[in-house]
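Subject: Structure for your review

Dear colleague,

Please find below the structure that I am handing over to you. My notes on its charged pairs and its surface follow.

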Amino acid sequence: MSIAVSDNRKIFLTGSRDGLVNIWSTKDIALDPSAHSKYSVQVGRKLNSVCTLQGTDNFCVAGGDSKLEIYSMNRLPSLSDYSQASLENARQDENEIFMPN
């Protein structure tokens, strides 16, 4: 299990070895500890770690296959939407990723 918190502390992510990434609202959990995650995504492989990328709305997942994938939360429907969503369209194309010098 891996946990990451966004810079603004409004959401946190959990990742598990079964390949599931959940995005949670800290406000919802504070109001109701039994609240469910806003989004659940099966990334299709065993996960070792999930982390947020500081200063962005992106997060990264790392698996046992030594691959990293970066996802953009900007590509998700509003986090106020309580339906589950797929992150397939949120995956960052390697040409879109800005790497500072």
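**Salt bridges and a surface patch**

Lysine 38 and aspartate 28 meet through their side chains in a salt bridge, at 2.9 Å from N to O; the term denotes a side-chain nitrogen of Lys or Arg within 4 Å of a carboxyl oxygen of Asp or Glu. This pair links distant parts of the chain, 10 residues apart: aspartate 28 belongs to helix α1, and lysine 38 to the loop between α1 (26-31) and β4 (39-42). Helices (H or I, at least four residues) and strands (E, at least two) are DSSP runs, numbered from the N terminus. Lysine 38 and aspartate 28 are both buried, where buried means under 20% relative accessible area, exposed over 50%, and partly exposed in between (1.4 Å probe, protein chains only).

The model is a predicted one, in which local features need pLDDT of at least 70 and side-chain atom pairs count only at pLDDT 80 or more, whereas totals for chains, interfaces and linings use all residues. Residues are numbered from 1 along each chain as its sequence is written, and side-chain values use heavy atoms, with hydrogens and water left out.

A search of the whole structure gives three salt bridges. Aspartate 65 and arginine 45 form one of them, with 2.6 Å from N to O. Here aspartate 65 lies in the loop between β6 (58-63) and β7 (68-72), and arginine 45 in the loop between β4 and β5 (47-52), 20 residues apart. Aspartate 65 is partly exposed, at a relative accessible area of 37%, whereas arginine 45 is buried, at 15%.

Arginine 45 also forms a salt bridge with glutamate 69, whose closest N and O atoms are 3.8 Å apart. Because glutamate 69 is in strand β7 and arginine 45 in the loop between β4 and β5, the pair ties together parts that are 24 residues apart in sequence. Glutamate 69 is buried, with a relative accessible area of 19%.

On the surface, Met1, Ile3 and Val5 form a nonpolar patch with about 340 Å² of accessible area together (Shrake-Rupley method, 1.4 Å probe; for residues, only the protein chains shown count as cover). Patches are made of residues with over 30% relative accessible area and no salt bridge, like charges being joined within 9 Å and nonpolar side chains (Val, Leu, Ile, Met, Phe, Trp, Tyr) within 5 Å. Isoleucine 3 is in strand β1 (residues 2-5) and counts as exposed, at 57% relative accessibility.

Yours sincerely
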